[in-house]
Amino acid sequence: MAQVVNNGVNVDALLAAREALKNAPAAAEFTWRASCKWLNGTHTRSTVQGFRGLGEEQSHKSEFSFDTDHPEIFASEDHGATPVEVVLVGLASCLTAGIAAVAQNRGIQLRSVEARLEGKMNLAGILGIDGDVRNGYDNIKVTFHVDADASKKDIEALVAQSQKRSAVFDIITNPTNVTVEVV
Amino acid sequence: MTGIERFTTVIIGAGHAGLSMSRVLTEQSIDHVVLERGEVANSWRHERWDSLRLLTPNWLCRLPGHAYEGPDPDGFMNLPDVVNFIAAFAAGTSAPVRTHTTVSSVRAVEDGYQLVTGRGEIRCRSVVLATGANNIPRVPDLHRAVPQSVQCLTTFSYRHPEQLPPGGVLIVGAAATGVQLADEIHRSGRPVTLCVGEHVRLPRSYRGHDVLWWMEHSGVWNQRYDQIEDLERARRLPSPQLVGTPEHSTLELNRLADAGVEIVGRLAAIRDGHALFSGGLANHLALADLKMERLLDAFDAWARDQHVDIDAGPVERFPSTLLPSRSRLSLDLHRGEIRTIVWATGYRPDYGWLQVPVVTPKGDLRHDGGVVTEAPGMYALGLPVLRRRKSTFINGAEADARDLARHLAGFLAGSGGLVSRDPEDAA
């Protein structure tokens with residue numbers, strides 16, 4: 001009897017959405033949003049709730065809140081993870097969710113998926129010490145441990161495909177236009 | 001020329017595909033003419049670089065009733081040989097070709113199509129578009145941000161390394177053309193930086209046979225368009241990183257890197273004169289390596305199933321494509337390191353003359369296996385995975401031409417011409 005693969009991803013819905021959006025290109029234009037309020041020092045609180053897609057305003061079930069700060073060794077108060085760590089969270093979660101979706105689509109049963117990320121950064125950049133050093137990460141390394149009903153090659157292919165279709169992977173590895181204005 | 005000429009069928013394009021269709025129509029006594037804007041095999045003569053050789057070994061170069069008969073069946077024809085091969089085919093079949101006749105418009109009329117050419121008007125009941133998919137080099141919009149000090153060439157204007165100024169060359173695109181040019185330009189003493197995005201990696205030889213021997217015999221190449229899961233994706237695949245050399249060498253990125261070519265990620269943007277490359281290169285390399293392995297697995301599985309000795313060596317696998325742990329992310333085009341950019345970023349078809357609404361907003365022809373269903377009596381040849389994976393290769397023209405000629409004959413007879421979807425039917 002064939003085992004039904006269930007990674008909790010509704011692939012049928014995703015495939016149906018893909019077909020529907022092929023014929024309704026305007027509906028595929030999404031706008032994601034975040035708001036941020038300064039609290040004190042380097043401590044800020046960002047919230048996410050509303051977004052736009054499928055031609056109209058949408059809303060998450062509840063408002064999500066993210067406190068970020070700098071650690072005590074930066075002479076701060078450590079009320080939350082640093083913004084650069086939040087970026088690693090974005091990448092990790094996008095790739096991991098992608099693995100689940102691709103696995104579901106390929107009929108691979110996942111048992112566990114864990115990722116560890118490391119981003120190397122030289123502070124001489126953001127501290128303005130050395131103009132040749134960039135502000136951001138020199139390099140980000142992602143290590144996945146995947147326990148699944150599949151060969152090593154199939155798992156590697158899964159992880160490779162997840163990167164290919166990851167929004168955050170694209171945002172980080174390719175240039176993205178950012179405009180900032182003051183009103 | 002006075003008045004309007006009439007033919008049953010007009011074939012536009014006297015490349016190997018158009019000429020194949022002509023030969024098949026002649027066999028079936030369907031009167032037709034082949035209109036060619038230049039000379040027979042025009043694109044090969046005028047729109048490719050000097051050192052080009054076919055990717056397909058000579059024994060695979062078959063057109064209807066016309067095969068390679070030279071001394072080197074395992075070798076790869078160079079450009080003059082290909083032109084002669086196709087010209088000999090045209091002559092041998094007495095193809096009714098009108099050279100230097102450009103079609104400036106095709107439109108639908110009540111009983112077929114009306115064509116305006118540089119030499120008069122033609123009416124026909126059916127028309128075959130054999131102009132190919134490679135009429136215009138496709139250059140990304142960001143080329144407008146290249147500083148004036150850097151010379152730009154496309155693969156149409158590139159002929160040989162000596163036409164380039166001395167100094168560094170940035171090659172954008174790593175499909176067959178990009179890697180071939182990277183190799184030859186680097187060997188000319190000009191440092192090359194090669195931008196690599198999604199690509200298809202193949203070994204030239206596998207277990208003692210040419211990789212295209214495997215493609216042909218294992219059936220991969222004969223896979224029909226209606227049996228392919230993601231056809232759109234298959235049609236957009238870049239040409240594989242292959243070259244035809246007397247040494248049967250494999251053109252792989254590891255070898256180029258060892259020779260000193262700098263491999264960087266896909267050219268993603270040019271900002272303030274800085275070329276910015278994707279940091280996702282490792283993923284592109286991994287995807288290509290994995291895809292190649294899956295293909296070799298498929299070859300091995302087919303080989304195991306054969307009951308005759310296919311004379312293949314032991315199973316082999318090839319080293320993964322490595323890159324320096326830190327590949328370059330940007331290059332200042334103002335600094336003078338790069339004197340030339342070669343855009344090896346592909347081509348697109350030109351349908352500007354086609355006044356029939358069968359072209360998508362992205363500029364592709366809408367067709368079902370080469371039958372332009374929205375325009376009765378209109379057919380296409382030589383487009384990617386038109387009917388089979390081998391459709392754009394020289395040896396793929398005949399089967400497609402025969403299938404479509406059968407449909408065309410049915411159309412002319414008024415039966416509506418249903419093409420059989422039975423794989424057995426398509427020899």
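## A pair of valines in the sheet

In chain B, B:Val169 stands opposite B:Val192, the latter in strand S12(B). The model is a predicted one, in which local features need pLDDT of at least 70 and side-chain atom pairs count only at pLDDT 80 or more, while totals for chains, interfaces and linings use all residues. Residues are numbered from 1 along each chain as its sequence is written, and chains are lettered from A and ligands numbered from 1 in the order in which they are written.

The two strands here are S11 (residues 168-172) and S12 (residues 192-196) of chain B, which pair in the parallel sense over four bridges. Pairing takes at least two bridges found by DSSP between the strands. Helices (H or I, at least four residues) and strands (E, at least two) are DSSP runs, numbered from the N terminus.

## The sheet around them

Zoom out and you get an open sheet of five strands in chain B, ordered S10-S19-S11-S12-S15, with parallel pairing. At the edges stand S10 (151-154) and S15 (262-265) of chain B; each has a single partner strand, so one side of each is left without a neighbour in the sheet. From one strand to the next the twist averages 25 degrees.

Helix H4 (residues 176-187) of chain B lies across S11, S12 and strand S19 (338-343) of that chain, and runs at about 170 degrees to S12(B). Those angles run from 0 to 180 degrees between N-to-C directions, with axes fitted as lines to C-alpha atoms, for helices over the stretch in contact. Contact here means that the C-beta atoms of two residues, placed from the backbone, lie within 7 Å.

## Chain B as a whole

Chain B comes to nine helices and 21 strands. Its radius of gyration is 22 Å, close to the 22 Å that the globule rule gives for 427 residues, so chain B is as compact as a globular protein of that length. The radius is taken over C-alpha atoms, and the rule is 2.2 Å times the number of residues to the power 0.38. Along its principal axes, the C-alpha trace of chain B spans about 65 × 60 × 40 Å.

Of the 427 residues in chain B, 44% are buried. That label calls for 20 or more other C-beta atoms within 10 Å of a residue's own, against 12 or fewer for exposed and anything in between for partly exposed, with C-beta atoms placed from the backbone. Among chain B contacts between residues at least 6 apart in sequence, 68% join residues at least 24 apart.

## Two domains

An automatic or database assignment sets the domain bounds, giving chain B domain 1 (5-135 + 349-425) and domain 2 (137-343). Their centres, taken over C-alpha atoms, are 28 Å apart. The contact between them takes 22 residues from domain 1 of chain B and 25 residues from domain 2 of chain B.

## Two positive phi values

Where do you find B:Ala41? B:Ala41 sits in the loop between strand S2 (32-35) and helix H2 (42-46) of chain B. Phi of B:Ala41 is near 60 degrees, positive in a residue other than glycine. B:Ala41 is buried, with 22 other C-beta atoms within 10 Å.

B:Asp311 has a positive phi too, near 55 degrees, and is likewise a residue other than glycine. Its loop runs between helix H8 (281-305) and strand S18 (330-332) of chain B. B:Asp311 is exposed, with 8 other C-beta atoms within 10 Å.
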